[in-house]
Amino acid sequence: MSYVTGNTIRNLREKHGITQKKLAEIINVSDKTVSKWETNKGLPDIGIIEELAKALGVSVTELLTGDLKTNENVSGNMKKVQFYICPICGNIITAVGEGNYTCCGITLPKQEAETADETHMIFVETIDNEYSVTMHHPMRKDHYVSFIAYITSDSAEIIKLYPEQDISVRFRKKGRGILYFYCNRHGLYKKYI
């Protein structure tokens with residue numbers, strides 16, 4: 001696990017136009033303490049990390065990793081959804097725009113979706129104002145599709161799948177969108193519908 005660095009503290013403090021003295025006042029430490037942190041002669045106690053992150057205008061994760069994310073997506077279009085998937089427990093994290101997410105002690109990378117191919121073919125047909133989605137894909141414990149998602153400009157619907165289950169799901173039609181599905185061995189795929 002990484003820990004906050006002096007450079008990160010200094011860069012964030014200067015970015016926000018805060019002096020060492022002002023930062024020290026906000027988090028109730030001395031300005032000499034802040035100086036020690038920034039010159040790598042000491043580290044902030046874990047008990048004040050949350051206060052320090054708040055004072056510097058970042059998340060605790062961003063402060064600890066030094067990986068600062070700026071979400072420039074102001075429109076909130078759901079078609080810009082990003083998927084972050086934990087390889088250990090299978091958690092699915094979605095976000096409109098990019099971010100820093102961790103699960104099971106791992107920083108999760110943003111999944112890059114590939115276009116569906118011959119080995120990951122998804123079939124879609126319209127039945128009673130619904131999309132009926134099926135796939136011919138292994139559903140064993142070591143190789144399976146863990147979810148299928150239907151994303152439109154204003155909605156997202158995710159259906160979780162499990163090994164030894166058939167891949168046959170239905171989504172109420174909400175207009176043109178994107179189907180995403182995640183194979184635990186090969187990653188994220190998409191198909192425009």
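The crossing of α2 and α4 is right-handed; a crossing is called right-handed if the near helix is turned clockwise from the far one by less than a right angle, and left-handed if anticlockwise. Everything described here comes from a predicted model, in which local features need pLDDT of at least 70 and side-chain atom pairs count only at pLDDT 80 or more, while totals for chains, interfaces and linings use all residues. Residues are numbered from 1 along each chain as its sequence is written, and side-chain values use heavy atoms, with hydrogens and water left out.

To begin with the helices, α2 covers residues 20-27 and α4 covers residues 49-56. Helices (H or I, at least four residues) and strands (E, at least two) are DSSP runs, numbered from the N terminus. The axes of α2 and α4 come within 10 Å and cross at roughly 130 degrees. Such axes are lines fitted to C-alpha atoms, for helices over the stretch in contact, and the angles run from 0 to 180 degrees between N-to-C directions. The two helices, α2 and α4, are therefore oblique to each other; angles under 35 degrees count as roughly parallel, over 145 as roughly antiparallel, 65 to 115 as roughly perpendicular and the rest as oblique. On the α2 side the contact (heavy atoms within 4.5 Å) is made by L23, I26 and I27, and on the α4 side by E51, L52, A55 and L56. Sorted by class, this contact of α2 with α4 has 6 nonpolar, no polar and 1 charged residues. In this sorting, Ala, Val, Leu, Ile, Met, Phe, Trp, Tyr, Cys and Pro count as nonpolar, Asp, Glu, Lys and Arg as charged, and the others, Gly among them, as polar.

Helix α2 also meets helix α3 (residues 31-38), with axes that come within 8 Å and cross at roughly 110 degrees. That makes α2 roughly perpendicular to α3. Here, too, the crossing of α2 and α3 is right-handed. In α2 the residues Q20, K21, L23, A24 and I27 take part, meeting D31, V34, S35, W37 and E38 in α3. The contact of α2 with α3 has 5 nonpolar, 2 polar and 3 charged residues by class.

Two strands pair if DSSP finds at least two bridges between them. Strands β6 and β7 run antiparallel and are joined by 6 bridges, with V124 opposite V133 in β7. They form a hairpin with 2 residues between them, and D128 in the turn has a positive phi of about 50 degrees. Strand β7 (residues 130-135) pairs with β10 in the antiparallel sense over 5 bridges, and S132 stands opposite R170 in β10. S168 is also found in β10 and touches V133 and T134, not counting residues up to four places away in sequence. Between S168 and N7 there are 161 residues of separation in sequence and 51 Å in space, C-alpha to C-alpha.

Another open sheet has 5 strands in the order β5-β12-β11-β8-β9, with mixed pairing. Its edge strands are β5 (114-115) and β9 (155-160), each of which pairs on one side only. Strand β8 (residues 145-152) runs antiparallel to β9 and is joined to β9 by 6 bridges. Within these two strands, T152 stands opposite S155 in β9.

Finally, there are the aromatic side chains. Rings of Phe, Tyr and Trp (its six-membered ring) pair if their centres lie within 6.5 Å; planes under 30 degrees apart count as stacked, over 60 as edge-to-face and the rest as tilted. By this rule the count comes to 7 aromatic pairs. One of them is the tilted pair of F83 and Y180, with 4.9 Å centre to centre and 55 degrees between the planes. F83 lies in strand β1 (residues 81-85) and Y180 in strand β11 (residues 178-183), so this pair ties together parts that are 97 residues apart in sequence.
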